[in-house]
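Here is a friendly note to go with the structure you are about to open. Please read the points with the model beside you.

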Amino acid sequence: MEQTQSEKKKVVLSLVQPSGVPTLGNYLGAFKNWAGMAKDYDCLFGVADLHAITVRQVPAELRAHTLEVFALLLALGLDPQRETIFVQSQVPEHAQLAWILNCYTQFGEASRMTQFKEKSQSHADNVNVGLFTYPALMAADILLYQADFVPVGEDQKQHLELTRNIAERMNGVYENLFTMPEPFIGKAGARVMSLTEPEKKMSKSDPNQKSFVSLLDTPDVIAKKIKSAVTDSEARVYFSAEKPGVSNLMGIYSCCTGRSYDEIEAEFAGKGYGDFKAAVAEAVVEELRPVQERYKKHLADKAYLLECAAKGAEQASRRASKTLGKAMKKIGFLQL
Ligand code: TRP
């Protein structure tokens with residue numbers, strides 16, 4: 001989308017939870033595109049550490065994971081001079097607006113959230129109220145910045161839909177309060193499937209380590225995992241619903257090299273899966289190499305990370321406080 005200078009760029013916002021290292025699937029499906037988006041959009045990215053405490057956290061680990069995800073955002077090629085990159089807990093407006101939104105969210109609609117139902121089963125010993133109001137906090141993240149677009153995975157679509165319902169409801173009462181956010185449909189981002197069960201999405205929470213490539217896997221580990229990926233007995237490289245394993249590897253290869261499926265098919269005509277997998281592994285290693293190098297560099301420089309986080313929090317807070325102030329005024333809170 002071309003933008004003239006006088007036109008205001010649309011706002012894109014997304015947050016990542018500090019829970020475990022993201023996978024190649026997260027990367028190819030979303031993160032890979034983020035660094036290029038600043039050209040066309042006004043971008044904000046954050047670490048959702050407030051969301052993380054809906055599950056019990058070890059303090060030192062939460063701190064470490066927060067910095068790791070922050071370093072990873074920088075490693076994607078995001079630039080704190082260009083994008084606003086922040087840690088959610090350091091921008092108090094998130095928690096403040098979340099409380100307000102809680103009061104405009106119906107018990108019934110929050111109860112219908114699939115993620116809440118799933119998590120209250122998987123964490124039956126700690127079904128806290130935060131888990132229940134999680135989507136109101138997510139709505140606050142989005143609405144505070146008047147975001148136009150939110151890149152979200154399939155699993156978060158329902159939360160975005162709830163955000164829209166809350167925004168619509170509040171705009172009905174208090175005119176022009178929030179921008180109506182929409183899911184961001186990026187350019188054909190890959191939907192990367194599990195390497196061992198290619199009918200399932202690749203997931204970092206899969207107990208089978210071989211089913212996913214983590215963004216920080218070493219070249220050796222990446223090669224091993226790709227080599228052991230499930231294929232089929234036909235030994236011919238082409239894209240087909242009947243060949244989910246091979247098609248998944250083709251998708252990964254295509255994303256990393258920019259080659260089309262036709263080109264890939266031609267490249268491996270007459271060759272077996274051994275050659276194909278070696279090429280896919282090589283492409284993935286090369287794709288992740290610069291990200292991993294930047295990640296290591298940033299993570300080794302904690303002072304720089306903290307400096308960026310402080311700057312990001314300040315920028316984010318400046319913007320967020322405008323929306324919060326507007327909401328508080330419209331609702332009828334005392335103006336000092
Ligand atoms: N709930 C999202 C997830 O688990 C993370 C998130 C929090 C988020 N706030 C957000 C994503 C706002 C997009 C926009 O993946």
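1. Let us begin with Q57, which is partly exposed, with a relative accessible area of 26%. Buried here means under 20% relative accessible area, exposed means over 50%, and partly exposed is in between (1.4 Å probe, protein chains only). You will find Q57 in the loop between α2 (49–52) and α3 (59–75). Helices (H or I, at least four residues) and strands (E, at least two) are DSSP runs, numbered from the N terminus.

2. A word on what you are looking at: this is a predicted model, in which local features need pLDDT of at least 70 and side-chain atom pairs count only at pLDDT 80 or more, while totals for chains, interfaces and linings use all residues. Residues are numbered from 1 along each chain as its sequence is written, and side-chain values use heavy atoms, with hydrogens and water left out.

3. What does Q57 touch, leaving aside its neighbours within four places in sequence? The contacts (heavy atoms within 4.5 Å) are with A52 and L62. A polar atom of the Q57 side chain lies 3.0 Å from the backbone oxygen of A52. This is a polar contact, a pair of N or O atoms within 3.5 Å; within protein, one must be able to donate a hydrogen and the other to accept it, and residues adjacent in sequence count only if both atoms are side-chain atoms.

4. Now turn to T23, in the loop between β1 (10–16) and α1 (24–34). Is T23 buried or exposed? T23 is buried, at 1% relative accessible area. Leaving aside neighbours within four places in sequence, T23 is in contact with M202, S203, K204, F212, V213, S214 and L215. A polar atom of the T23 side chain also lies 3.0 Å from the backbone nitrogen of G25.

5. In helix α1 you can look up A30, which is partly exposed at 23% relative accessibility. A30 and P151 are 121 residues apart in sequence, yet their C-alpha atoms are 7.4 Å apart in space.

6. Next, the ligand. Which residues are around it? They are L13, S14, L15, Q17, A48, H51, Y134, M138, D141, I142, V150 and Q156, where a residue counts if one of its heavy atoms lies within 4 Å. The elements giving two or more residues to the shell are β1 and α7 (129–144), and α7 supplies the largest share, four residues.

7. Side chains of opposite charge can pair when their charged atoms come close. With a salt bridge taken as a side-chain nitrogen of Lys or Arg within 4 Å of a carboxyl oxygen of Asp or Glu, a search of the whole structure finds 14. One of them joins D42 and R319, whose closest N and O atoms are 2.9 Å apart. This pair links distant parts of the chain, 277 residues apart: D42 is in strand β2 (residues 41–47) and R319 in helix α13 (residues 302–331). D42 is partly exposed at 25% relative accessibility, and R319 is partly exposed with a relative accessible area of 25%.

8. Another salt bridge pairs E234 with K243, with closest N and O atoms 2.8 Å apart. E234 is partly exposed at 36%, whereas K243 is buried at 3%. R259 and E267 also meet in a salt bridge, 2.8 Å from N to O. Salt bridges that share partners join E197, K200 and D206 into one network.

9. Finally, helix α9 (residues 219–227) has the buried residues I222, A223, K225 and I226. Seen down the axis of α9, these fall within an arc of 165°, so they line one face of the helix; the arc is that of the directions from the helix axis to the C-beta atoms. On the other side of α9, D220 and K224 are exposed. The cover over the buried residues of α9 includes α10 (244–257) and α12 (273–299).
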